Amino acid sequence: MTIKTNKPSEKNRVLIFDTTLRDGEQSPGATMTLSEKIEIASLLDEMGVDIIEAGFPIASEGDFEAVTEIAKAAPNTVICGLARASFGDIDRCWEAVKNARQPRIHTFIGTSPLHREFQVQMDMDTMAQRIHDTVTYARNLCDNVQWSPMDATRTEDDYLVRVCEIAIKAGATTINIPDTVGYTAPSESADIIRMLLERVPGMDEIVIATHCHNDLGMATANALAAVDAGARQIECTINGLGERAGNTALEEVVMAMRVRHDIMPYHNNIDTTKIMQASRLVATVSGFAVQFNKAIVGKNAFAHESGIHQDGMLKHSGTFEIMRPEDIGLSETVLVMGKHSGRAALRSKLENLGYSLGDNQLKDVFVRFKALADRKKEIFDDDLIALMTDSDANTPNDIIQVKTLRVVCGTEGPQTADLTLEVGGESHKVTATGDGPVDAVFNAIKMVFPHDAKLALYQVHAVTEGTDAQATVSVRMEEDGKIVTGQSSDTDTVVASAKAYVNALNKLIVRRAKTAPAALT
Ligand code: KIV
Ligand code: ZN
């Protein structure tokens, strides 16, 4: 059996299909703005991702525009848009991807008994006909068509064989086998791929993809097992972002194939030294912080706390480390600078951390760096990363800006906030009280900018150790089904809270201008 990929001669080449901007963005609260999506897409392109699933063009004007713009920002990758099994979806998808250098239409339908009966209400024959018609239609528009039987792992084998054969005959060039609800296990994941290769005529002539969700914590293992059985495209997201428990994490499958090449002799095109940068960017943009013990990219993934481990590491790093921090672009966290450090040193340090800045941006960040250095003796890598995040999140172009804030708090209430907020260039000064300083500040903001958005999450985490550490605050807000996340960092937790709240409101203003998404998967 020969397995075809983009380069047919490379039978062990695994294509990396990143769906951070589509499946990842579907996780509640992970909504991203256009410029954030473009920034992520160009980094994915730079790091060697083969296919970027850029969005679901029929979902909203915003998604459509994002897919169109990403096609320009990521010239080296295949740009894929998602479409349900309907001509309208496929037309809209094609409109969005058609100007990409390498466009792909990805169309899907739920094939399991539950999906057939309850989600799309179609019997087997009607669905088979629909698959034939929609894949044929997509293939007439685009040479590169991916088809997915959603909930494949809970679809009857015979029906899965039947529909895969129809899709291949209709012209699908990639068949993706999704474990939509994270239900399968490694042995079964491999068995399904083997079964399809054995029973579906032409299955060995197209690329087989695996798309796993992590509901039982097995997404990475399931994806790799599918590859062992013959799949040659892994669908994944940075940090494992995605619906519910997320998708297969890109960094995990890529590093697993690299570290255990002896038993998984597959290769891919990813520049692993960009992994940390991508992880930080996605965490910042989505507002989904990476758990400390997350494999590969967690803060503790390379930390050695116990005496025995530290002793071993000093003697030989291989004693307790199976990969080097630098393999994923992680430089040692060291004390970087203080208030006497200059602009060139800051630029070089930021470049080490993966940020390349133009002169104007550097000027702005340098001012913020000096202000931080005045308040905080020691500045670590994580402080600089928080500073960069904040510079991206709160810009002078924002409609609402925090100008001044003074808070009275302590054992004797009421806690009071005196706030000056600028809205559309007009200054407003208010005083509000609340149940604690943060509540007082949020009440003050609401006095100036009344809204009905619900506060869905308020989260604080310390960037580094010490009482002078910066706090990064995330604020998630929900209004009419639209969810946005604001973020800010400051050595003053209450100031960071005010700015994070305002950042969320600014994003909400942008979202309001866009049409509401249609009901989708
Ligand atoms: O999980 C899933 O089944 C999907 C499909 C749209 C491929 O995301
Ligand atoms: Zn999915």
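This is a predicted model: local features need pLDDT of at least 70, side-chain atom pairs count only at pLDDT 80 or more; totals for chains, interfaces and linings use all residues.
User: Which residues are the protein donors of the zinc ion (ligand 2)?

Analyst: Asp23 gives an OD atom, while His211 and His213 each use NE2. These donors lie 2.0 to 2.1 Å from the zinc.

User: How are the donor residues spaced in sequence?

Analyst: The pattern is D-x187-H-x1-H.

User: And His211, buried or exposed?

Analyst: His211 is buried, because its relative accessible area is 5% and the cut-off for buried is under 20%. His213 counts as buried too, at 4%.

User: OK, switching to ligand 1. Which residues are around it?

Analyst: The zinc donors Asp23, His211 and His213 are among them.

User: Which helix and strands each supply at least two of the shell residues?

Analyst: Helix 1 (20-24) does, along with strand 4 (103-110), strand 5 (145-150) and strand 6 (174-179).

User: What about polar side-chain atoms, say on Thr180? How far is one from an oxygen atom of ligand 1?

Analyst: For Thr180 the distance is 2.6 Å. Arg22 has a polar side-chain atom 2.9 Å from a ligand 1 oxygen, and for His211 the figure is 3.1 Å. As for cover, ligand 1 taken alone exposes 260 Å², and the protein buries 96% of that.

User: So what does His211 do in both sites?

Analyst: His211 is a zinc donor through NE2, and a polar atom of its side chain lies 3.1 Å from an oxygen of ligand 1.

Definitions and conventions
Residues are numbered from 1 along each chain as its sequence is written. Chains are lettered from A and ligands numbered from 1 in the order in which they are written. Side-chain values use heavy atoms; hydrogens and water are left out. Donors are N, O and S atoms within 2.8 Å of the metal (3.2 Å for Na, K and Ca); water is not among the atoms, so sites may look incomplete. Buried means under 20% relative accessible area, exposed over 50%, partly exposed in between (1.4 Å probe, protein chains only). A residue is near a molecule or strand if one of its heavy atoms lies within 4 Å of it. A polar contact is a pair of N or O atoms within 3.5 Å; within protein, one must be able to donate a hydrogen and the other to accept it, and residues adjacent in sequence count only if both atoms are side-chain atoms. Accessible areas come from the Shrake-Rupley method with a 1.4 Å probe; for residues, only the protein chains shown count as cover. Helices (H or I, at least four residues) and strands (E, at least two) are DSSP runs, numbered from the N terminus.
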